[in-house]
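Reader: I am new to this structure. Please take one part of it, look at it closely, and follow its links to the parts around it.

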Amino acid sequence: MPRYTYVVLTNPVEGREDEYNEWYTNTHVHDALKVPGFVGAQRFKLAGAQRNEAPYPWQYLALYEIETDDLQKSIDELAARYDTPAMVISTALHPERLGLIYEELTPREEAQP
């Protein structure tokens, strides 16, 4: 079955970071994992040390693992649930965000000891 990674870059609304993180971690991720094809999720926060200098437009990253034979169907279902009782969107989520879906190209490599 084909595998994909949905990369989502977001920020909280100014002054509402705690509310944003509580909602994203405890509500939104679980709602997203109810979408057919979505099989895993993990969140990240931008680290203090970076290779390049600021500015960094996105402070938060969510990676969603998708496994499906019909990617468009999963995307359509995600869109249909978005901002409904099945997937409530917090007003603490800044409206500017970026989400892109990538198709797996190679197997995962690991460092050799």
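Author: Glu 17 is partly exposed, with a relative accessible area of 32%. Here buried means under 20% relative accessible area, exposed means over 50%, and partly exposed lies in between (1.4 Å probe, protein chains only). The model is predicted, so local features need pLDDT of at least 70 and side-chain atom pairs count only at pLDDT 80 or more, while totals for chains, interfaces and linings use all residues. Residues are numbered from 1 along each chain as its sequence is written, and side-chain values use heavy atoms, with hydrogens and water left out.

Helix α1 covers residues 17–32 and bends by about 40° at Tyr 24. Helices (H or I, at least four residues) and strands (E, at least two) are DSSP runs, numbered from the N terminus. The bend at a residue is the angle between two axes, one fitted to the seven residues ending there and the other to the seven starting there.

Tyr 24 is also one of the buried residues of α1; among the others are Tyr 20, Trp 23, His 28 and Val 29. Asn 21 and Asp 31 are buried as well. The buried residues of the helix pack against β1 (3–10), β2 (38–45) and β3 (60–67), where contact means heavy atoms within 4.5 Å.

Now to the strands behind that packing. β1 and β3 run antiparallel and are joined by 8 bridges. β2 and β3 are also antiparallel, with 7 bridges. Two strands pair if DSSP finds at least two bridges between them. Leu 63 in β3 takes part on both sides: Val 7 stands opposite Leu 63, and Leu 63 is the bridge partner of Gln 42.

In a regular strand the side chains alternate between the two faces of the sheet. β3 has a covered face made of Tyr 60, Ala 62, Tyr 64 and Ile 66. Its uncovered face holds Leu 61, Leu 63, Glu 65 and Glu 67.

The side chains of Glu 17 and Lys 45 meet in a salt bridge, 3.2 Å from N to O. This pair links distant parts of the chain, Glu 17 in helix α1 and Lys 45 in strand β2, 28 residues apart. A salt bridge is a side-chain nitrogen of Lys or Arg within 4 Å of a carboxyl oxygen of Asp or Glu. Lys 45 counts as exposed, at 52% relative accessibility.

By this rule the count comes to 6 salt bridges. Another joins the side chains of Arg 3 and Glu 104, at 3.4 Å from N to O. Arg 3 is in strand β1 and Glu 104 in the segment after β4, 101 residues apart. Arg 3 counts as partly exposed at 40% relative accessibility, and Glu 104 is partly exposed at 45%. Glu 67 belongs with these two in a network of salt bridges, and Glu 67 is on the uncovered face of β3.

What follows the helix? Lys 34 lies in the loop between α1 and β2. Lys 34 is exposed, with a relative accessible area of 55%. From Lys 34 to Ala 86 there are 52 residues in sequence, but 9.0 Å in space, C-alpha to C-alpha.
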